[in-house]
Amino acid sequence: MYKVLIADQISKEGLELLRSNPKLEVIEKTAITPEELTAEIGEYHALVVRSRSKVTAEQIANAHNMKLIVRGGVGTDNIDKKAATEKGIKVMNTPKASSVSVAELVLGMMLSGVRDLTDATESMKAGKWEKKTFKGKELYGKTLGILGVGNIGKEIATRSMAFGMKVLAFDPYAKEVPAGVEMTDLNKILQEADIISVNCPKTDETKGMINKSNITQLKKGVGIINCSRGGIIEEAALIEALDQGHVSFVGLDVFEKEPPDNTHPIAQKAHVTLTPHIGAQTVEGQNRVSAEVAEVINNFFNQL
């Protein structure tokens with residue numbers, strides 16, 4: 001029997017699918033510490049993590065029986081894939097399960113940004129009625145630039161075109177995109193997009209993709225949203241551009257350091273929507289992630 005450690009919480013649908021497999025013994029330890037994981041990882045044949053747990057080279061060195069590590073969600077940047085590969089451990093994720101959830105958050109941030117919903121809400125809570133202050137804009141007819149047209153980027157593109165937006169996209173690795181999306185280069189997006197949505201993984205290639213040197217190329221009044229990974233946009237440059245009015249609004253679900261310091265300067269700015277890395281945190285999205293985690297593990301061990 002293969003032992004599967006659930007180190008981060010997944011919903012009951014996935015757990016039930018795993019426990020129905022007679023080949024598997026499922027152990028839940030969703031509060032396991034890094035030190036405990038390092039000490040215990042050698043007992044298990046498979047490991048499930050989400051965003052909370054980091055799987056380090058030191059832990060993988062102790063993973064003497066490990067065959068599979070599954071990240072429930074998009075990306076595997078919290079797993080030392082190089083160390084896992086060298087040890088013959090397969091690393092997999094669930095890239096499609098939460099795509100709709102993240103895409104809808106991006107759309108929510110777009111709407112919040114063009115209508116200044118965050119500041120209008122704070123104004124109302126303060127007992128004000130500033131009707132003339134909050135004159136917004138429409139998404140209709142605007143140009144959206146998407147950086148990264150993977151599963152999430154495609155969902156964003158489809159929904160944005162339903163709003164009557166023109167969609168430009170940059171992704172040198174994209175194999176297919178929704179009809180109506182214009183594939184182009186980064187420079188054209190920087191110069192023409194009214195709103196930019198970052199939806200690519202954080203790699204050496206994408207780190208600092210929007211930075212102090214190129215943020216001045218952006219169309220004046222652009223809105224910027226990042227619901228992918230912190231560090232793809234240089235936060236200091238983004239704040240400076242916001243202060244100067246070059247960027248009209250910002251939506252961030254991810255940060256260079258997570259959680260960010262409670263004194264992070266962007267939290268004090270107007271025209272900003274901030275969320276605590278909740279892109280995939282919907283009931284439906286979590287259920288799909290959990291079910292896909294179970295499917296990946298069951299398929300893997302059923303073939304052994």
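These legends walk through some views of a predicted model.

**View 1. The whole protein at a glance.** Start with the overall picture: the chain folds into ten helices and twelve strands. Its radius of gyration is 21 Å, close to the 19 Å that the globule rule gives for 304 residues, so the protein is as compact as a globular protein of that length. Along the principal axes, the C-alpha trace spans about 65 × 45 × 35 Å. Of the 304 residues, 49% count as buried. As for the surface, the protein exposes about 15,100 Å², with carbon and sulfur atoms supplying 52% of it. Among contacts with a separation of 6 or more, 59% come from residues 24 or more positions apart.

**View 2. An open sheet of seven strands.** Read across the sheet and you get the order β8-β7-β6-β9-β10-β11-β12, with parallel pairing. The edges belong to β8 and β12 (272-274); each has a single partner strand, so one side of each is left without a neighbour in the sheet. Strands of a sheet pair through backbone hydrogen bonds, either parallel or antiparallel. Zoom in on β6 (residues 143-147) and you'll find five bridges joining that strand to β7, the two running parallel.

View 3. A search of the whole structure turns up two aromatic pairs. In one of them, the rings of Tyr 2 and Phe 301 have centres 4.7 Å apart and planes at 35°, so this pair is tilted. Tyr 2 sits in strand β1 (residues 2-6) and Phe 301 in helix α10 (residues 283-302), so the pair ties together parts that are 299 residues apart in sequence. Phe 300 and Phe 301 also pair up: their ring centres are 5.0 Å apart and their planes at 80°, so that pair is edge-to-face. Put together, ring pairs link Tyr 2, Phe 300 and Phe 301 into a cluster. Both Phe 300 and Phe 301 are buried, and for Phe 301 the relative accessibility is 0%.

**View 4. An exposed lysine in a loop.** Lys 175 has its place in the loop between β7 (166-170) and β8 (182-183). This lysine counts as exposed because its relative accessibility is 83%, over the 50% cut-off. The C-alpha atoms of Lys 175 and Ile 6 are separated by 33 Å, and the two residues are 169 residues apart along the chain.

Technical notes: Residues are numbered from 1 along each chain as its sequence is written. This is a predicted model: local features need pLDDT of at least 70, side-chain atom pairs count only at pLDDT 80 or more; totals for chains, interfaces and linings use all residues. Side-chain values use heavy atoms; hydrogens and water are left out. Helices (H or I, at least four residues) and strands (E, at least two) are DSSP runs, numbered from the N terminus. Buried means under 20% relative accessible area, exposed over 50%, partly exposed in between (1.4 Å probe, protein chains only). Rings of Phe, Tyr and Trp (its six-membered ring) pair if their centres lie within 6.5 Å; planes under 30 degrees apart count as stacked, over 60 as edge-to-face and the rest as tilted. Two strands pair if DSSP finds at least two bridges between them. The radius of gyration is taken over C-alpha atoms; the globule rule is 2.2 Å times the number of residues to the power 0.38. Contact means heavy atoms within 4.5 Å. Accessible areas come from the Shrake-Rupley method with a 1.4 Å probe; for residues, only the protein chains shown count as cover.
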